[in-house]
Every structure is written in C-alpha cells, then in structure tokens.
Amino acid sequence: MKSAGIHHVTAIAGPAVRNLDFYTRVLGLRLVKKTVNFDDPTAYHLYFGDVAGTPGTIVTFFPLEHAAQGRVGVGEVEEIMLAVPAASLGFWSHRLIEKGVEHSGIEKRFSESVLPFKDADGMRLSFVGTAAGSSVDGETGAEPIPAEHAIRGIHGVSLLIEEEAPTAAILTDVFGFTKIGEEGSRHRHASGAAIGGIVDLHAVGGFLKPRPGRGSVHHLAFRASDDAEQAAMVEKLTEAHGREVTEQKDRKYFRSVYFREPGHVLFEIATDAPGFAVDEAPEALGTGLMLPDEYEPLRVRIEATLTKF
C-alpha cells in the first residue's frame, strides 16, 4: 500500500473574485471547477490546477466574502510548496515584484532553492525549484505564463505540529512515505512521486493553536488510486492506529474519507477517479457553475446567493 502522494490542498479564502484573480492571473493556473461547498451550497468551492485538473496539481478554496483573517498554528498546514523549474525562480521573483505580491528572498531547504510568498489572503506558499516534468499548460490561466516557467504542480506541504513521530507513523505506515532528511526541527518525508510527493513535518513543541479563517488551510488530501486502496488505508488507520475515520463521501469528482492525524491536522484520502471531466468537457472545465445532483433543483436560489464573476 503506497499513496502516490498529495491529491489536493483545500484552504479558506476571502472574496471569490480576488481569489480567482490571484490564482489565474498572478500564478497562471486554470480554474478547473467552479462548484459549491457540498456541505454549504451558499458558498463557492473553487479548484485550480493544471489543464486537466490532475491530482497533485490541485489547490482548492472555500471563498467567504467576509471571512476573518486566519492565523497559522500548531496542528495545521503552514505552507504549500509549488514546483517550478529550477531555472524559473528568477522569472517568478520578478513576477511577484511586478504584481506587488508579498514575498521573501530565495533560501535553501533540503538542498532546494525556495522562494516564499503569500497569496492575496496571506496564505503561505513557496516556489520550489525542481526538475519535475511539465504538467501544467502555461496557456491555461487568465493571464498566460510561458510554458517553460509554468507551475508543475504541488511540490509538497509543510505541517506545523508539536512532535514528529506520531504523524510520521501515519505517513510511513498508511501512505508509504519514507523519511529522507532532517534540518533542525524540520523532518522531510517523501512518497517518491514527482508531483505532490513531499511532506515536511515542522515539529515546534508547544505553540499557538490555529485560528481558522481566510489564508488558513482547511485540510490536506492524499491520493488513493481507487476505492479498494482507500478502504485498505482506512482499515490500517482504524485497526493499527486507532484513528476515527468518516464514512466515504461522494464529492462527485472523487470519493473521500476524513480523519484527524495525531498532530490534529485534518487529513483526507481522495480517489483519483472519476476526475473533473465527469460533468464538463475537458476543454470547458471551469466555465460553468456545476452542482451536485441533489442541489440542481435549487440552482436558481443558489446562483442568486453567489457573487457573480
């Protein structure tokens, strides 16, 4: 049993228009799905990624018009790392300056060059120079990025936790990750996947608890190739690690289960199938408001509550 790594990361944003503008115009990602929060259809759920919405390239958001500012704390994803070609960090540094995006200088982590920055809601991200192959079409965003510089997908995430060992046990035993390095309080684990294959455990001991809000990550999803692999992971979680796991939930584009890992981060296991083309043609992804079947009778009412863009 071995996960291919990260499926997607879901966060809370402020106004939907600002969120859309940043990820399609500044970062050049494609809006691959415009739908609603299946648990609260009065709010959008926006998915950004490569041209096909490939697992491992997806960052999703619940945009809330008047959301209070969140605060990163222990038991939360503290940073999403995006893979770009190593030779493109200069391009992205200049682009962040041009677009007025808050960022830091290039630094080294685990022998990789990293350019930290924040999105429009203050969420922590970084560009990581890698040799990963191209998976993102540079012409898909609202403001095209030259293909040679385009984001390749999620490189990995950093989790802010009290101690490494309990979370590491889940990563290694359930998801098949292997510890490959340590720098101070950061412990790097890898699945071997070229995209979405890195999880850094930043163990900080006692620290402030997170405050959910705009700019904070809601949950981290790992890949399961199919229902059988997901079920095997759930069995391992419950029988070997004593985790309480939800029943499977149909998210239309994947099927999911959720649980809190020992460091209190909300983890999801999402199937690769059926994918984002289940209700839109591949060339039309993200162009319409797509609803789960149970909400279709309420479409007029739902559309009236959502910000138009």
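In what order do the 8 strands of the open sheet stand? In this predicted model, the order is S2-S3-S4-S1-S13-S16-S15-S14.

## The open sheet

The pairing within this sheet of 8 strands is mixed. As background, the strands of a sheet pair through backbone hydrogen bonds, either parallel or antiparallel. The edge strands are S2 and S14, the latter covering residues 249-250. Each of these two edge strands pairs on one side only.

Strand S2 takes in residues 30-37 and pairs with S3 in the antiparallel sense, over 7 bridges. Asn37 has Asp40, in S3, as its bridge partner.

Strand S3 runs over residues 40-49 and is mostly covered, with 8 of its 10 residues buried. S3 also pairs with strand S4, which spans residues 58-63. This pairing is antiparallel and has 3 bridges. Within S4, Phe61 is the residue opposite Leu46.

How do S1 and S4 run, parallel or antiparallel? Strand S1, made of residues 6-13, runs parallel to S4, and 6 bridges join the two. Val59 in S4 stands opposite Val9. As a general point, side chains in a regular strand alternate between the two faces of the sheet.

## Helix H1

Helix H1 spans residues 16-26. Which residues of H1 are buried? They are Ala16, Asn19, Leu20, Phe22, Tyr23, Thr24 and Val26. After the helix comes Gly28, which has a positive phi, near 75°.

Arg18 also belongs to H1, and its relative accessibility of 34% places it in the partly exposed class. This residue forms a salt bridge with Asp121, and the closest N and O atoms are 2.4 Å apart. Asp121 itself is buried, with a relative accessible area of 3%.

## Other salt bridges

How many salt bridges does a search of the whole structure find? The search finds 22. One of these joins Arg124 and Glu78, with 4.0 Å between the closest N and O atoms. Arg124 lies in strand S8 and Glu78 in strand S5 (residues 76-85), so this pair links parts that are 46 residues apart in sequence. Arg124 counts as partly exposed, at 38% relative accessibility, while Glu78 is buried, at 8% relative accessible area.

Asp200 and Arg188 form another salt bridge through their side chains, at 2.7 Å from N to O. Asp200 is in strand S12 (residues 198-203) and Arg188 is in strand S11 (residues 186-190), so the pair ties together parts that are 12 residues apart in sequence. Are these residues buried or exposed? Both Asp200 and Arg188 are buried. Elsewhere, Lys33, Lys252, Asp279 and Glu280 are linked in a network of salt bridges.

## Glu283 and Ala52

Glu283 sits in the loop between strand S16 (266-271) and helix H5 (299-305). With a relative accessible area of 65%, Glu283 is exposed. Between Glu283 and Ala52 there are 231 residues of separation in sequence, but their C-alpha atoms are 8.6 Å apart in space.

## The cavity

The model has 1 cavity of 30 Å³ or more. The largest cavity holds about 30 Å³ of space. Which residues line the largest cavity? The lining consists of His7, Gly53, Pro55, Tyr253, Phe254, Asp272, Gly275 and Phe276. By class, the lining divides into 4 nonpolar residues, 3 polar and 1 charged.

Note on methods
Residues numbered from 1 in each chain as written. Predicted model: local features only at pLDDT ≥ 70, side-chain atom pairs only at ≥ 80, totals over all residues. Heavy atoms only, no water. 1 Å grid on protein atoms, 1.4 Å probe; cavity = no way out; pocket = protein on both sides within 12 Å on 5 of 7 lines; lining within 4 Å. Points joined across faces, edges and corners; volume = space filled by probe spheres on them. Nonpolar A, V, L, I, M, F, W, Y, C, P; charged D, E, K, R; others polar. Buried < 20%, exposed > 50% of the residue type's maximum accessible area, 1.4 Å probe, protein only. Helix = DSSP H or I, 4+ residues; strand = E, 2+ residues; numbered from the N terminus. Pairing = 2+ DSSP bridges.
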